Amino acid sequence: MDLKQLNSEEVEVIYNNNMVIDFPSEELKPIDIIQKLIKRKIYKCYGLYDSGELLAYAFFITSKSYLLLDYYSVCGKYRNKGIGSNFLNILKENCKNYTGIIVEVEDIEFADTEVEKIIRIRRIDFYKKNGMKMTSVSGELFNVNYSIMCLCNIEVDDSVVYEELKNIYKEIIPSEFYSKYVKFSYKQIK
């Protein structure tokens, strides 16, 4: 398996061939927004390949110290074969010059159905199994509630993750939308 940082053209192909299938339309940023973030050098995209065939992909918003996982998916026919865990481990190794990887997972408490709740629990369990820890940070982004997980190379207080998330979103969301649609909070643990 080979990890490849994707160029703009490869990102567009994956967007059109995979992401539109793998993610609900309301969760997808328009491709032109992704391309603008890439040009600003605050967005990195990776593909995992085997013999030239795409197995999985991950798109990150970047800051100086952290990666925020924006999209992560294993291609349909390769799911449930351990590729997701392998890919995450390869990404962790490749991105170890960052302090950590932040992941937003949909909050279990806000699941509308039992099926949705089970899917959210499975997703959280997957990230925990691969070394991520649940933080006390939570967020509401465009009316969707999230719990925040993090995989850090050093011990980091949740307040750092909280501040980092706020800064990342201030960088990518226009201020009139940020104040209306982006909220983060955390509970200090004594």
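This is a predicted model: local features need pLDDT of at least 70, side-chain atom pairs count only at pLDDT 80 or more; totals for chains, interfaces and linings use all residues.
Several secondary-structure elements each supply at least two lining residues: the helices α2 (31–39), α3 (83–94), α4 (114–129) and α5 (158–172), together with the strands β4 (66–74), β5 (100–106) and β7 (144–152). The greatest contribution comes from α4, which provides eight residues. Sorted by class, the lining of the largest pocket holds 25 nonpolar residues, 15 charged residues and seven polar residues.

The second largest pocket contains about 230 Å³ of space. It is lined by 13 residues, of which K133, C150, C152, E155 and V156 lie closest to the centre. Two or more lining residues come from each of β6 (133–141), β7 and α5. By class, seven residues of this lining are nonpolar, three are polar and three are charged. Both β7 and α5 also supply at least two residues to the lining of the largest pocket.

Helix α1 spans residues 8–22 and is kinked by about 45°, with the kink centred on Y15. Y15 is also among the buried residues of the helix, which are E10, V11, I14, Y15, N18 and M19. In an α-helix, residues three or four places apart point the same way, because there are 3.6 residues a turn. The cover over the buried residues of α1 includes the strands β1 (2–5), β2 (43–50), β3 (53–62) and β4, as well as helix α2. Of these covering elements, β4 and α2 each also give at least two residues to the lining of the largest pocket. At the N-terminal end, α1 is capped by N7, a side-chain oxygen of which is placed 3.1 Å from the backbone nitrogen of E9.

K166 is located in helix α5. The relative accessible area of K166 is 18%, so this lysine is classed as buried, the cut-off being under 20%. When residues up to four places away in sequence are left out, K166 makes contact with Y178 and F184. The helix that carries K166, α5, is one of the elements that contribute two or more residues to the lining of the second largest pocket.

Notes. Residues are numbered from 1 along each chain as its sequence is written. Side-chain values use heavy atoms; hydrogens and water are left out. Helices (H or I, at least four residues) and strands (E, at least two) are DSSP runs, numbered from the N terminus. Ala, Val, Leu, Ile, Met, Phe, Trp, Tyr, Cys and Pro count as nonpolar, Asp, Glu, Lys and Arg as charged, and the others, Gly among them, as polar. On a 1 Å grid over the protein atoms alone, a cavity is a set of points where a 1.4 Å probe fits but cannot get out, and a pocket is an open set with protein on both sides within 12 Å along at least five of seven lines; lining residues have an atom within 4 Å of a point. Grid points are joined across faces, edges and corners, and a volume is the space filled by probe spheres set on the points. The bend at a residue is the angle between axes fitted to the seven residues ending there and the seven starting there. Buried means under 20% relative accessible area, exposed over 50%, partly exposed in between (1.4 Å probe, protein chains only). Contact means heavy atoms within 4.5 Å. A polar contact is a pair of N or O atoms within 3.5 Å; within protein, one must be able to donate a hydrogen and the other to accept it, and residues adjacent in sequence count only if both atoms are side-chain atoms.
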